Amino acid sequence: MTTAPERTADLYPTRGRTEVATPRQDSVVWSPPGTPGPFGPGELAAFERDGFAAVDGLLSAEEVLTYRAELDRLIADPAVRGDERSIVEPASGEIRSVFEVHRLSEVFAGLVRDPRVVGRARQILGSDVYVHQSRINVKPGFGASGFYWHSDFETWHAEDGLPRMRTVSVSIALTDNLDTNGGLMIMPGSHLTFLGCAGATPKDNYKRSLQMQEAGTPSDEALTGFADRHGIRLFTGRAGSATWFDCNCMHGSGDNITPYPRSNVFIVFNSVENAAVEPFAAPVRRPEFIGARDFTPVR
Ligand SMILES: O=C(O)CCC(=O)C(=O)O
Ligand SMILES: [Fe+2]
């Protein structure tokens with residue numbers, strides 16, 4: 001075996017023979033205390049401790065209407081439906097997710113550049129940022145399936161080659177997120193432990209994992225330990241509210257069997273100082289619409 005000198009050290013081993021927990025090796029909030037921005041100092045401290053911060057009314061009711069109309073336009077467009085960036089529900093054939101919405105749509109590109117959005121990402125990550133991934137999870141009513149428990153960073157490290165935990169997501173509600181329609185659940189404080197998952201990554205894993213996650217799934221024992229230690233918090237809020245969460249939060253959501261859609265846009269910001277390298281635990285890179293390789297900072 002040869003060791004290429006340029007290979008980036010793997011601080012977070014995963015997809016080996018056994019599940020292994022590693023303490024977080026990275027900061028959570030990267031900007032120095034007192035750095036100005038949309039988040040107040042108390043909010044940043046809570047983000048550091050819990051791994052998330054909820055922002056009520058990030059968007060006005062009027063803005064929500066604009067983004068909702070754009071979502072409706074996208075999912076009604078046969079060209080979008082036929083695009084590889086649209087993922088359909090295996091059972092109903094309805095659109096489950098649309099990836100790279102900030103490239104598909106000028107309206108969502110504007111949302112990424114909005115200072116209320118990118119400003120918070122810069123404040124948490126302490127640098128310029130680029131978009132590693134964007135997606136809308138549509139979650140229509142009457143049976144849209146959920147997202148099983150996972151850490152996003154586990155996948156982004158294993159399959160996309162993000163070296164360090166310097167990545168943050170925002171989930172912005174485009175419909176009301178109720179306590180019944182499949183809202184996001186996070187285990188507070190779980191972001192401080194990296195759970196390396198057991199099992200090698202199959203080639204083309206992403207095609208299956210976008211419909212139903214398998215590789216990168218924590219064991220029942222580990223999830224029980226995490227939940228007993230940290231508890232589980234459900235995020236609800238009116239359309240226009242937002243949840244910021246660290247890349248290593250243990251999170252997921254249940255099915256939506258209500259009549260009411262739960263449609264949220266997710267934007268994943270990565271620090272330009274943490275650009276993707278080769279995957280740490282997968283045979284091939286995922287496509288760029290899932291894991292970006294264009295590291296141009298958002299301006
Ligand atoms: O939409 C959700 O409820 C969760 C989505 C999620 O965790 C993801 O897209 O990585
Ligand atoms: Fe996720």
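Buried means under 20% relative accessible area and exposed means over 50%, with partly exposed in between. The structure shown in these views is a predicted model.

**View 1. G199 in the loop between β9 and α8.** The loop that holds G199 runs between β9 (193-196) and α8 (205-209). G199 has a relative accessible area of 28%, so it is partly exposed. From the C-alpha atom of G199 to that of S127 the separation is 34 Å, and the two residues are 72 apart along the chain.

**View 2. The iron ion (ligand 2) and its donors.** Three residues coordinate the iron ion (ligand 2) at 2.1 Å: H150 through NE2, D152 through OD and H251 through NE2. Along the chain these donors of the iron ion follow the spacing H-x1-D-x98-H. The pair H150 and H251 links distant parts of the chain, 101 residues apart. H150 belongs to strand β6 (residues 147-151), whereas H251 belongs to strand β12 (residues 250-253). Both H150 and H251 are buried.

**View 3. The shell around ligand 1.** The residues that surround ligand 1 are R135, N137, F147, H150, D152, L184, H251, S253, R262 and F266. Among them, H150, D152 and H251 also coordinate the iron ion (ligand 2). By class, the shell around ligand 1 consists of 3 nonpolar, 4 polar and 3 charged residues.

**View 4. Polar side-chain atoms at the oxygen atoms of ligand 1.** For S253, a polar side-chain atom is 2.6 Å from an oxygen atom of ligand 1. For R262, the corresponding distance from a polar side-chain atom to an oxygen atom of ligand 1 is 2.7 Å. An N or O atom in the side chain of R135 lies 2.8 Å from an oxygen atom of ligand 1. On its own, ligand 1 has 290 Å² of accessible area, and the protein covers 96% of it. Elements β5 (129-137), β6 and β12 each give two or more residues to the shell around ligand 1.

**View 5. The D26 side chain and its contact with R164.** D26 sits in the loop between β1 (20-23) and α1 (41-50). Its relative accessibility is 10%, and D26 therefore counts as buried. A polar contact of 2.6 Å joins the side chain of D26 to the side chain of R164.

View 6. R15 is placed in the segment before β1. Its phi is near 65°, a positive value in a residue other than glycine. The relative accessible area of R15 is 7%, so R15 is buried. K139, in the loop between β5 and β6, is not a glycine either, yet has a positive phi of about 40°. K139 counts as buried because its relative accessibility is 2%.

View 7. In soluble globular proteins, nonpolar side chains tend to be buried together. The largest nonpolar core of the model has 39 residues, and within it W244 and F269 touch the most other members. Helix α6 (residues 115-125) gives the most to this core, contributing 5 residues.

Terms used. Residues numbered from 1 in each chain as written. Chains lettered and ligands numbered in written order. Predicted model: local features only at pLDDT ≥ 70, side-chain atom pairs only at ≥ 80, totals over all residues. Heavy atoms only, no water. Core = buried A, V, L, I, M, F, W, Y, C linked by side-chain atoms within 4.5 Å. Buried < 20%, exposed > 50% of the residue type's maximum accessible area, 1.4 Å probe, protein only. Helix = DSSP H or I, 4+ residues; strand = E, 2+ residues; numbered from the N terminus. Donors = N, O, S within 2.8 Å, 3.2 Å for Na, K, Ca; no water. Near = heavy atom within 4 Å. Polar contact = N/O pair within 3.5 Å; in protein donor to acceptor, adjacent residues only side chain to side chain. Areas by Shrake-Rupley, 256 points an atom, 1.4 Å probe, with all protein chains shown as cover. Nonpolar A, V, L, I, M, F, W, Y, C, P; charged D, E, K, R; others polar.
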